[in-house]
Structures are given as structure tokens and as C-alpha cells.
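These are my notebook entries on one structure. I record what I looked up, entry by entry, with the cut-offs that apply.

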Amino acid sequence: MKKGIFGLLAALFVITMVVIEFSSPVGSVANTYYVTIKNDGKEVTKSKFKGYSFNESCLDNNGNSQKINFMSNTQLKKNKQYKIVVQDNQLLVQAKEINNVPLASSK
């Protein structure tokens with residue numbers, strides 16, 4: 001009897017976790033951009049965050065130019081090109097230095 005109740009509770013837990021996992025948004029919480037860093041990032045200290053703030057012109061995946069604000073834990077190198085992934089909360093998730101994309105500021 002105890003094994004049956006334990007199995008039922010385990011199954012209920014697994015079903016609950018699956019429902020929660022599939023109901024949370026995944027694809028729309030981050031965007032990819034191509035950027036040339038023109039300015040040094042401004043040092044920022046907020047609660048639970050210490051890093052740098054950037055305000056740069058960039059290209060999205062469709063080639064449209066736009067100005068975005070984002071924050072990074074590390075200082076990005078000035079005059080270098082990056083492929084960046086930025087969350088909706090303006091935090092940098094990933095930055096990869098690249099060489100084969102047109103300058104974002106030239107468009």
C-alpha cells in the first residue's frame with residue numbers, strides 16, 4: 001500500500017514538472033544581434049550584478065539596424081565585432097567575436 005501511494009505521488013510530481021516546463025516561454029526570451037563595439041562599456045553596479053553597460057548600434061538577423069542597450073559581466077573589446085545574444089531583460093547571454101559580418105554602424 002505504501003509503495004502504491006509513493007508511486008502515485010512520484011507520478012503526480014513528474015506530470016506537474018512536465019506541465020510547468022512546457023508552459024514556460026523559451027524561444028522569445030532572447031534575441032541575436034551583430035554588433036561592433038564603438039565605446040567602452042560604462043561600469044555598472046546593481047543589486048546582484050556587477051559589470052558593464054553598452055548602448056550600441058547593431059544588426060538583427062534580418063539585417064535591420066537598431067540601437068540597443070545591454071549589460072555584460074565582462075568588458076567587450078572596443079572596435080571588435082561580436083555576435084551577441086541578449087535576453088529581454090537586457091542581460092548579455094553570449095558574446096562570440098567574429099570577423100565576417102559587415103560593420104553594424106556602417107548600415
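**Entry 1: the salt bridge**

I looked up the charged pairs and found that Glu 97 forms a salt bridge with Lys 80, the closest N and O atoms being 3.8 Å apart. The term salt bridge stands for a side-chain nitrogen of Lys or Arg within 4 Å of a carboxyl oxygen of Asp or Glu. The structure holds one salt bridge. Glu 97 belongs to strand β6 (residues 92-98) and Lys 80 to the loop between β4 and β5, so the pair ties together parts that are 17 residues apart in sequence. I noted helices (H or I, at least four residues) and strands (E, at least two) as DSSP runs, numbered from the N terminus.

I then checked the exposure of both partners. Glu 97 counts as partly exposed at 38% relative accessibility, and Lys 80 is partly exposed with a relative accessible area of 34%. Buried means under 20% relative accessible area, exposed over 50%, and partly exposed in between (1.4 Å probe, protein chains only).

**Entry 2: basis of the values**

The model is predicted: local features need pLDDT of at least 70, side-chain atom pairs count only at pLDDT 80 or more, and totals for chains, interfaces and linings use all residues. Residues are numbered from 1 along each chain as its sequence is written, and side-chain values use heavy atoms, with hydrogens and water left out.

**Entry 3: the chain as a whole**

Of the 107 residues in the protein chain, 26% are buried. Among contacts (heavy atoms within 4.5 Å) with a separation of 6 or more, residues 24 or more positions apart account for 42%. The accessible surface of the protein chain comes to about 7900 Å², and 56% of this belongs to carbon and sulfur atoms. Accessible areas come from the Shrake-Rupley method with a 1.4 Å probe; for residues, only the protein chains shown count as cover.

**Entry 4: the nonpolar core**

Which residues make up the largest nonpolar core? I listed twelve: Tyr 33, Val 35, Ile 37, Phe 54, Cys 58, Ile 68, Phe 70, Leu 76, Tyr 82, Ile 84, Val 86 and Leu 92. The elements that give two or more residues to this core are β1 (30-36), β3 (49-60), β4 (65-72) and β5 (81-87). The largest share, three residues, comes from β5. A nonpolar core is a set of buried Ala, Val, Leu, Ile, Met, Phe, Trp, Tyr and Cys residues joined through side-chain atoms within 4.5 Å.

I followed Tyr 82 further. Leaving out residues up to four places away in sequence, Tyr 82 touches several residues, including Tyr 33, Val 35, Ile 37, Leu 76 and Glu 97.

**Entry 5: the aromatic pair**

The structure holds one aromatic pair. The ring centres of Phe 54 and Phe 70 lie 5.2 Å apart with the planes at 20 degrees, so the pair is stacked. Rings of Phe, Tyr and Trp (its six-membered ring) pair if their centres lie within 6.5 Å; planes under 30 degrees apart count as stacked, over 60 as edge-to-face and the rest as tilted. Phe 54 is in strand β3 and Phe 70 in strand β4, 16 residues apart, and the pair links distant parts of the chain. Both Phe 54 and Phe 70 are buried.

Most residues other than glycine have a negative phi. Asn 79 is found in the loop between β4 and β5, and Asn 79 is exposed, with a relative accessible area of 54%. Not counting residues up to four places away in sequence, Asn 79 touches Thr 36, Ile 37 and Lys 38. Gln 90 lies in the loop between β5 and β6 and is partly exposed, at a relative accessible area of 36%.

**Entry 6: Asn 31**

I located Asn 31 in strand β1. Asn 31 counts as partly exposed at 34% relative accessibility. Asn 31 and Val 86 are 55 residues apart in sequence and 5.4 Å apart in space, C-alpha to C-alpha. Apart from neighbours within four places in sequence, Asn 31 is in contact with Ile 84, Val 85, Val 86 and Asp 88.
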